[in-house]
Structures are given as structure tokens and as C-alpha cells.
Amino acid sequence: MPIEIVHTYLVHPNKNQVEPIAIMGSPVPHEGDMFDLMKSVYEKADTECNIGIAFKKAPSGAQVNARRDMLTAYGAAPSVELGRSLAEQLGFVTTRRSGLGLLFLIKGKEGNDHKVVISRFRANNGVLVNEAADMLTVEFIDRVFMKNAHSYKAVVYRHPSFQGGFWNGMAVDKQINSQDLESSDYWVKDFLLSDFITSPAFGTRRLAVALKKAIKATDDLEIKRQITAAATLASGLGADPINVEGFCQKFGFTPNAKAAVIGQLDRPDLATDNFLFNAEEFKKQLPLRTVELDNGAMLTADAGSFDKVFEHEALADGEKVKFSTVGAVVSEKLEKGR
Amino acid sequence: MTVEGQYRARYDQVLLPIANKLEEYLKDILSDQARIDRISTRPKSIDRFMGKAKALSSTGAPKYDDPLHQIQDQIGARIITFYKDDVDRVSDEVLRYFHAIESKHVLPENDWEFGYFGNHHVLLFPIDLIDPGFDQGLVPFCFELQIKTLFQHAWSEANHDLGYKPGQQPLESDELRQLAFTSAQAWGADRVFNELFQKRHED
């Protein structure tokens, strides 16, 4: 039996509350439907949690993180009291909007690895219906906790050593892609004092390099055209969560173009690894240079080879420049004006 | 299996290829950065790992009770810059890409002392650098990065060679003072070069 112990806590929205509501907790018995649910959460965490996160260093730069300290203390000797410290911290960052939640701490052992799953079910409203022989009785309840498809949050940590490991884990946060910063920061940044392992620059570079390699590797002019068009437009994207697969979908890549890009990643599972898009990094990796002339012409080429692709000479009046280039036409396109 | 046997398996199977890929990656992301003398990575040698694994604390107790999972520089990376200002610039650039769980300027404990100077980080491996075919139980989750000037690097290499040879007698008081003197000279040289660089750069 890999699960050793499960604790649960009712976490109130105590953020900015002068008199925070006390957090109650208790162990979950190793039997019945409730334990089956916990077993499912514990086992599915390895596949459901697919966002790499890691605890942040202390502001001084020291290798210390208060939440990791609480996690490892709980993992090493799980108890209602040690788990309560984590639940209380969750309460302190929970707003009324995030609402009441039920927190589960599940400690287990998988081979040499210690495994800790932290999971939050949000409270929902519901109606309890009892069916009698000739009538129904209905009752409103406001403390129904569900593994909600839109707000479920969990994180799983596993490592053989509480001292040396437990710095990184895998998280799931159904609100992480939300444009609402409060929702997207609540679980990973505010509660877990963590950040994504794939930084905006790292992830954006991964995407840009895959696009660059795919263009070079393919002879298919249509794939080249799709990638070039997307890359040109992408420099205008905001700092939103995205992944390589999502990028291909966003720009309407055909299955072949998408496969060409994903095939250039170091490993296929990187295609769905999220990161915040960083336009500066994208331009750094795919720096296209465009020169616009007052006669309406726009000349675009890779910045590194622009001056080789387009020869240019200043004309006698000192204001005008003559550009020239020679090549075979391989594609032509129309674009929406600015 | 002994700790040495486990580390040997780790060294042969994963540390070397990961170190090579890390070096390639660091060189690529820093290719546009000026005044970098060299970028190198290495897996910690089996002898050095075992030496560190058996180290004792000041109380005489073993420093590590689980060295395979507690020693964080099993893969080390080093970036050598020309001048002191370059260290911070390169450090900032690296931190755009990697998640740090520790960042510090290592200095002598006392302002009156001279010795080792360097900028150190403990950084997490992004999964891009890890072959999914590796036995994941052998893969460390972090590596140590040192960023130093040419003079800091030169001093630490010579100091390590002279002062930390296994089996050698500890350095005598006057010899320690001589090493501190060379550190002070390296510190002074870094300072002068940096000031000259700033002056020339302003011009």
C-alpha cells in the first residue's frame, strides 16, 4: 500500500482577515469511498500534474523556502498539526473569491521515493435530493467539495530524500491559463512560494528554436510559409501562457506543419509544457528585419543576412536608397495592412 | 550497492551526457554576450565526489548522511568573464533561463580577509536537457554554476591545487598568508581592470 496517511483540512478564505477562522483538520480513514477517492487523487497526480514548478530561493538568495520547510517537515513525520501549518498558509492567501476549500495532504512511498500530494477541492453549492415513494425532498447545501474541472488544484512531490530533494514538483492548476492574475498566481506563487521551472525566456527560446529548425529541415514550401507567417506575427503576442502545441493551434498550422515543429523538440512531451510567452526572447531567437520605404515597399529578411540578401546604395540626393535583390519567386502572399 | 558504486553508475550513464548538453545550451544562450572567456561544464569526478561524501563537519560528524541526494554539484558549470561587472551581467542573463534555488556571492567571512571570491548559483535542470530514456532515479535535479572573473578563476584554481591536495600536510600560517596576499592582488587587479573598462566604455 503506497499511501501511508491522508489528512484533510477545511480551509477558509482568511486573506486580509483581522480574525482569521481557525483551520480544522483530521485524518482520513483508510477505508470506504472517501479513501478510494483519495487513492484516485494520489495515483492520478503523476499524470494529471504536468506543470514543472520549483520552490523559490529566499529573497537573500539563500537556499531556504518557508513552504518547502513545512512540506518536508510534514512529509518526514505526517501529523494533523504539521499539516495544519500548510493549511493555514493556504488560508492566508485565499480570498473570498477563491472561497472555501477542502485541502488534502496525502503521504505515500513509491519504491525509494517519498511522495506527497497536496490537493484542493473548491466548495460548490448543490442540492441534495431524497427520493421517497411518492415525493422528493430537496435541500440546499453550500459545502459540496468537488474535484472541479475548472478550479482543481494539486501538486505532487517525490524524491528519496526530504533533506536533499523536494525542491521541485509537478502541479496542476486549471486556472493557471486564466488571464485573471489573482486566480493564476494563487496556487503556485502565493501558496506554494514557487515558480515555473520553464521560465518565459527558456520556453520561448524552445519554441523559437523549434520553428527555426523546422523551417530549415522541411522542403515543403507551404510549411515554410505557415511558420514564417506565424513567426512574423508572434512577435506581437503578449506575455500569456502558451506551449508549442498551443502556438501551432493558435496560428492555424496544418497537421503537417505542427508535426514538423514538434518533431524538432528535444523530447515530444515538451510540446505541452506551458510557459509565459516572452516577445523579447522570441525576437532575439528569430530576428527578422523589415525595411519600409516611402514608396510602399516592405523588405523583410533574416536580420543576420538582410544586408547580403538586399544590396543597397544611397542615391545622389542623399535621401533615397536603392535596394536590389535577385532570386526565384517561391511564394507570394497577401497580408492585412497595419 | 555502495555509495561509490551508485555514483559511478550515475556518472557513466547520465552525468556526462547531461553536462555536455548543458555546456552546449549555456554557450548558445550566451553567444551574444561580450567578454566571456570560456564556458565549461563537468560531472564531478568519482574521487572528488567520494572525498566530499566522506567530509566531516566541525563537530566530527559526517557532513552528509545521504550524499547522493545532498551533494548538489554533481554537475558543475563555470563561466569565466573578463571583468567584475561582467559577472553580474552574465548572472542576470543566465537567471532569465534557469530557476535558481540559491544565488550568492561567495566572499571571505571577514572584510579584513582575502581568499575565495565567486558568484555561485544552484540551478534546476529544465527537462529539455534530460533524455527521457535515462533512468530518472539517477538524474540529479540541480547543478551548480560558478561565474567568476579571469583573476578569480586563476586564484581559485591555484589555491585548490596548492591547498587541497589529498594527503598533503595542511598549509602553514605563513603559507596561508601568502595565498591571502595573492588573492588580494587578484582582487586589486580585478578592481583596476573593471575601473579601466568602465572608463573606456564611457568614452
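Q: What makes two residues of chains A and B count as being in contact, and how many residues of each chain are involved?
A: Contact requires that the C-beta atoms of two residues, placed from the backbone, lie within 7 Å. By this criterion, 24 residues of chain A are in contact with 18 residues of chain B. The model is a predicted one, in which local features need pLDDT of at least 70 and side-chain atom pairs count only at pLDDT 80 or more, whereas totals for chains, interfaces and linings use all residues. Residues are numbered from 1 along each chain as its sequence is written, with chains lettered from A and ligands numbered from 1 in the order in which they are written.

Q: Which elements of chain A give two or more residues to the side that touches chain B, and how do its residues divide by class?
A: The elements are strand S3 (51–55) and helix H5 (200–217) of chain A; helices (H or I, at least four residues) and strands (E, at least two) are DSSP runs, numbered from the N terminus. The residues on this side of chain A comprise nine nonpolar, 10 polar and five charged. Here Ala, Val, Leu, Ile, Met, Phe, Trp, Tyr, Cys and Pro count as nonpolar, Asp, Glu, Lys and Arg as charged, and the others, Gly among them, as polar.

Q: How does the radius of gyration of chain A stand against that of a compact globule of 338 residues?
A: The radius is taken over C-alpha atoms, and the globule rule is 2.2 Å times the number of residues to the power 0.38. A compact globule of 338 residues would come near 20 Å, but chain A has 27 Å. The C-alpha atoms of chain A fill a box of roughly 90 × 60 × 45 Å along the principal axes. Its secondary structure comprises 10 helices and 15 strands.

Q: Why is chain B called as compact as a globular protein of its length?
A: Chain B has six helices and five strands. Its radius of gyration is 18 Å, close to the 17 Å given by the globule rule for 203 residues, and chain B is therefore as compact as a globular protein of that length. The C-alpha trace of chain B spans about 55 × 45 × 20 Å along its principal axes.

Q: Why is B:Lys148 called buried?
A: A residue is buried if 20 or more other C-beta atoms lie within 10 Å of its own, exposed if 12 or fewer, and partly exposed in between, with C-beta atoms placed from the backbone. B:Lys148 has 25 other C-beta atoms within 10 Å and is therefore buried. This residue lies in strand S5 (residues 142–149) of chain B. Residues up to four places away in sequence aside, B:Lys148 touches B:Ile80, B:Val87, B:Gly118, B:Asn119 and B:His153.

Q: What makes strand S4 of chain B and S5(B) a pair?
A: Two strands pair if DSSP finds at least two bridges between them. Six bridges join S4 (residues 118–124) of chain B to S5(B), and the two run antiparallel.

Q: Why are S1 and S3 of chain B called edge strands?
A: The open sheet of five strands has the order S1-S2-S5-S4-S3 (chain B), with mixed pairing. S1 (36–43) and S3 (100–106) of chain B each pair on one side only. On average, neighbouring strands of this sheet are turned by 15° against each other, direction ignored.

Q: What makes H5(B) roughly antiparallel to H6(B)?
A: Axes are lines fitted to C-alpha atoms, for helices over the stretch in contact, and angles run from 0 to 180 degrees between N-to-C directions. Angles under 35 degrees count as roughly parallel, over 145 as roughly antiparallel, 65 to 115 as roughly perpendicular and the rest as oblique. Helix H5 (residues 150–163) and helix H6 (residues 173–202) of chain B pack at about 170°, with their axes 9 Å apart. That angle makes H5(B) roughly antiparallel to H6(B). Among the contact residues are B:Phe151 and B:Trp155 of H5(B), and B:Leu179 and B:Ala186 of H6(B). By class, this contact has six nonpolar, five polar and one charged residues.

Q: How does H5(B) run relative to S5(B)?
A: H5(B) lies across S1, S2, S4 and S5 of chain B, at about 110° to S5(B).
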